[in-house]
Amino acid sequence: MTAAEMLEYENQMFLDVLHENGLLVAARGLRLETVIMNLMKVYCDPGNLVLVLGTASKEEEYFVTELERQGVTPLPRVITSDITNTERERVYLEGGVLMVSARILVVDLLKQRVPVAHITGFIVLRAHKILESCQEAFALRLYRQDNKTGFVKAFSSSPESFTVGFARVERIMRSLFVRNLFLWPRFHATVNSSLDKRKAMVIELHVPFTPLMSTIQTAVLDLIHFCVKEIKRINPSLETDSITVENALSKTFHKLLQIQLDPIWHQLSANTKQLVADLKILRSIITTLTQGHSVRLQALLLTLRSSDYAKRSSGWIMLDSAETLFVSAKKRLYNSKQEVAPEMNPKWETLSEVLKEIQRDSGGSSQTVLVLVETLATCRQLKQYLTKGGPAMLQNLYKKLLGKKVTSNEPMQIDNVEEEEEEEEGHVFTLTQTTSEDSENTKYTECTTQLDSASEPVVVLQQFKPDGEPLSLPSTLRSLKPKYIVMYDVDVTAIRQIEVYQSSESECQIQVYFLIYGGSVEEQAYLTTLRREKEAFDFLIKEKATMVVAADQEGKGTECSELSRDVGQSAVPSVNTRRGGNAEPNTRPKVIVDMREFRSELPALLHRRGIDIDPVTLQIGDYILTPEMCVERKSISDLIGSLNSGRLYQQALAMCRHYVKPMLLIEFDQNKPFALQGRYYLSSDLQSSDITAKLQLLTLHFPRLRLVWSPSPYATAQLFHELKEGKDEPVASVAAAVGLEGTTLEDDVHIEKYNTAIHDLVSKLPGVNTKNLVSLMNKGESLDHLMTLSKEQLGDLISNSQNGILLHDALHKPLKAPTETTSFRGRARGRGFRRRKT
């Protein structure tokens, strides 16, 4: 597809970003990938060097495949960690369009492997994530410092992400070094006119709930309302405008709630935390009601109806609405005679009627029917329904799920039983109709071979986004070219992708059957999604009208604040005026950073403070501040894992052997509380006292190890800056060689002089401490020699007679194992322990 073959609005989007640097925000499903692909096509030339950031592996494969199909040369290349440093440097010099991860690019920019002056520009995908994924912003800042002519073109299809936080749009645009904001909502006049020329024929089928399903929905909504009201009552000072019953039904509710509650989570009561968890459970119940079946819903409720959960829950399970929920769910499984007769899902019968109608309309010719669903579980569910029939399928599932007692300790079995037999199968199922004398019950069988010219209708079951991949549906539409599409579930992105396909590539008018439960939470959630997107674009339109953009925001001049490297106190050492007019060289301080640390935000913040970063693969430590100072950085989750596995002990041992000032930096998330307490960071079976006790043992074993607590990466950057003042700069080659086997460093005062095993053994002996350990290791010839020395000789050796006696007793006195009768109970009952006289 060339630029001339694009739709009118796509062509206009392409021209907008081609001629101007800017951020383009489009509604979901408007085929933004086509605009990006044509932009790549323009720059696929060895004379250009265009770097693409933020791509997923599926997108990289899609871009390369499509451009190869169009005969574009040279094709874009993907740079991964498998390519060596020398090879990457050669690829950069060859030019073209390169798709690379931000972490690799930052290291190559700092190592000067990339010809920055010759970079034509950057294309940034998922621009709404640039504040969280700091490496993209770091790469752009390194690029703009040395290249004032190249372009930056950024894209995003998530308008809601720009409405969270203070001045988020302005901050993102400053990080991208762009001044222009292009907005393309679905209600844009050009988009409307482009998609209205060839519209698909949409048949909306509002499927009614059964009476029992309506009763269950009403009961669950009442329970959600109870939880929302309780959260607001218990936390009157909490901003609860977004905590509503309507928002609680959306998929992104818990993500938004987590963003709001994370910083104050440790301040909330246990009841509030349980209410938040109960809201998630209630939403899973309502989802199972609309997307699942009666057997699965009953199995889920049985895991909740237990005394353990009743004690743990926030109290909703004791309400009348909860009793109505449990009774109605049970009635869907049994008839009046208490016989197993599971209620059919109303959408199943509607789907069967739609397939029969399509068969009649096709007049006996083979037609491909694409059935789109949201989850893989629904996909497998429909496959079983079409191949086995509804009653037989439900009876079979009843035996698996409810034929044995389901307890509250087995919730995961509910999700797994239905999929046990189909674990090895794919995400797309193709079914063909089987001929049957009974025209009332049409059955289907799964195709195991490729269909060339079948006379029966072909039904293809597929998710909207298999494995979260949004480009799957457009490629399926191009390959199958279906005339009939059944939207079994609702998805805004899929609806627009079908609209775009109909307007641009479809050879005939597509007939879309839109199945939705009328007056249900499914319909409400769909309308809420549309409303939120519209409100997000309205917000962005107003922000664009009132936004104040700096004249040099693109960084092409010398006054761009984003390119400043003197945040806080200047990192450049001041000139000493007492040197007789000989000014000191104006050098910036340097920190050696391990390659693996570029997943964190700290290297970018250090560079922003004016400290030069030197990426090196370190064997010991994460940051080398000075030749004597080594830092091992740990987040809270990493700290807990390292303490439990024993890895931190080995890391501390290595640092203490090779560096005079080893440090353990414990860094907290800036959006979370600066406190190691409660269950916020720790699992339910682990207490903060356990972690504290292990840290105390670590400091006892390594007295020279310093613990540093930091509330955020910003505080860590400031701390590193202060620790480096007046100190010598580290040498990268020396730091990289520390810890390697077979390397000797002549200038390293901490070179290993002793057998490490003997060193560790002697340091643990009674009477030996950090003050006399070095003297003992230097003067003592061997362990055999120590055994021959008397108490006085040992006292003279370590300059302390008392410690000499302790060491002599440890080496010579036999130890007896305590007998079983030895107990402290009798002594503790009386006067307690007596202090031993010395």
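The model is predicted: local features need pLDDT of at least 70, side-chain atom pairs count only at pLDDT 80 or more, and totals for chains, interfaces and linings use all residues. Residues are numbered from 1 along each chain as its sequence is written, and side-chain values use heavy atoms, with hydrogens and water left out.

The secondary structure comes to 34 helices and 20 strands. Helices (H or I, at least four residues) and strands (E, at least two) are DSSP runs, numbered from the N terminus. Of the 838 residues in the chain, 48% are buried. Buried means under 20% relative accessible area, exposed means over 50%, and partly exposed lies in between, with a 1.4 Å probe and protein chains only. The chain exposes about 41800 Å², and carbon and sulfur atoms supply 50% of that area. Accessible areas come from the Shrake-Rupley method with a 1.4 Å probe; for residues, only the protein chains shown count as cover. A contact means heavy atoms within 4.5 Å. Among contacts between residues at least 6 apart in sequence, 74% join residues at least 24 apart.

Helix α20 covers residues 472-480, and its buried residues are Ser472, Leu473, Pro474, Thr476 and Leu477. These buried residues pack against α2 (32-43), β9 (368-373), β12 (458-463), β13 (484-487) and α21. An α-helix has 3.6 residues a turn, so residues three or four places apart point the same way.

Two of these packing partners can be followed further. Strand β12 contains glutamine 463, which is buried at 8% relative accessibility. A polar atom of the glutamine 463 side chain lies 3.4 Å from the backbone oxygen of glutamate 374. A polar contact is a pair of N or O atoms within 3.5 Å; within protein, one must be able to donate a hydrogen and the other to accept it, and residues adjacent in sequence count only if both atoms are side-chain atoms. Helix α21 (residues 492-504) contains serine 503, which is buried with a relative accessible area of 10%. A polar atom of its side chain lies 3.3 Å from the backbone oxygen of arginine 198. Not counting residues up to four places away in sequence, serine 503 touches Leu7, Ser194, Leu195 and Arg198.

Now for charged side chains. Side chains of opposite charge can pair when their charged atoms come close. A salt bridge is a side-chain nitrogen of Lys or Arg within 4 Å of a carboxyl oxygen of Asp or Glu. The structure holds 31 salt bridges. One of them joins the side chains of lysine 481 and glutamate 507 at 3.7 Å, N to O. Lysine 481 lies in the loop between α20 and β13, and glutamate 507 in the loop between α21 and β14 (511-517), so the pair ties together parts that are 26 residues apart in sequence. Glutamate 507 is exposed, at 68% relative accessibility.

Arginine 77 also forms a salt bridge, with glutamate 94, and the closest N and O atoms are 2.8 Å apart. This pair links distant parts of the chain: arginine 77 is in strand β3 (residues 77-79) and glutamate 94 in helix α4 (residues 85-94), 17 residues apart. Arginine 77 is partly exposed at 31% relative accessibility, and glutamate 94 is partly exposed at 33%.

Aspartate 594 and arginine 596 meet through their side chains in a salt bridge of 3.0 Å, N to O. Aspartate 594 is buried, with a relative accessible area of 1%, whereas arginine 596 is partly exposed at 47%. Elsewhere, Glu10, Arg31, Arg478 and Glu505 are linked in a network of salt bridges.

The cysteines come next. A disulfide is a pair of cysteine sulfur atoms within 2.5 Å, and by this rule the count comes to zero. Cysteine 134 is buried at 11% relative accessible area, and cysteine 508 is partly exposed at 34%.

The last stop is alanine 341, in the loop between α15 (320-331) and α16 (346-362). Alanine 341 is partly exposed, with a relative accessible area of 36%. Alanine 341 and glutamine 395 are 54 residues apart in sequence and 8.0 Å apart in space, C-alpha to C-alpha.
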